[in-house]
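Please keep the structure open as you read.

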Amino acid sequence: MSSIEEASGSVATNAESARELAGSITSSKDLLDSLAARLDAIGVETTARQTQVAGDRAEELAGHANALADALDSLRQQVDALKGLLASAIRSGAGNSIRGRASRSASAAGSAAGQEPLPLKGPAASVSPRGISKRHFLGKLQMKSEAKKRNTVVLHGVDTDADIAAIWSGRAAYLHDNLYKVNDRTYGVKPTGTVYPVRGKGFVELDKLEYTALKGLKVYNGDRAAAERDPKIARFSRHMTDKTWETARNVFNQGQERA
């Protein structure tokens, strides 16, 4: 089975390399954002726009690199599953009677305790759970948190760990595709097992500009003026309205109330 183990290790290494590449590209994007803001400040608007375009392209490439890493992680899990199946097949000849007795004992114990396993549907049935990214939690937002076209922020007090446990124990409602609903909240599960919030009680949905404004308020402790001076936010200032900042402020304030 050494060839399968080598394949699994190789895929894992490539996934790690892809994530490191994404991190490097993101760092380059931050530098381009800063440069664009400085060029814009001194009136070199044409060059500033070109630099912004380069920054947007870098952000897109970082997204592709992360997507590649996710795909490689999924492939590694499939390889590991294949390794497990082969190992089971090798042991099956000598272990049928033993497994049969163990299965009957487990079934009897589960029935007695009222803990009969529930069938899983969707991606949760074939992958192990991985935690939600920090970029989704209000209390963990940083300026480097990736702002996507649509962003769901988890407010304080939401027990996402309990919700994830409910999904993998079959106590959440399977909706369709990769979506599950539990405790009035909808989650998605990626092929890698990574869980992400979608909508529901205790979640706030923000667009890219609103999420960027929220990051600024979080980093600068609610000071909008200071946030707007940050080069990573200044490049979006032309597109940010008072409504953008008001939406972000409402979310920020909810975090302050629970602090």
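T192 sits in the loop that links β4 (185-189) to β5 (195-200); helices (H or I, at least four residues) and strands (E, at least two) are DSSP runs, numbered from the N terminus. This is a predicted model, in which local features need pLDDT of at least 70 and side-chain atom pairs count only at pLDDT 80 or more, while totals for chains, interfaces and linings use all residues. Residues are numbered from 1 along each chain as its sequence is written, and side-chain values use heavy atoms, leaving out hydrogens and water.

The side chain of T192 makes a polar contact of 3.1 Å with that of T194 (a pair of N or O atoms within 3.5 Å, one able to donate a hydrogen and the other to accept it; residues adjacent in sequence count only if both atoms are side-chain atoms).

Two buried residues (under 20% relative accessible area, 1.4 Å probe, protein chains only) are listed here:

| Residue | Relative accessible area |
|---|---|
| T192 | 1% |
| V154 | 2% |

V154 belongs to strand β1 (residues 150-154). Its C-alpha atom lies 7.4 Å from that of P197, 43 residues apart along the chain. Leaving aside residues up to four places away in sequence, V154 touches H136, F137, L138, T160, P197, G202 and F203, where contact means heavy atoms within 4.5 Å.

Definitions and conventions
Buried < 20%, exposed > 50% of the residue type's maximum accessible area, 1.4 Å probe, protein only.
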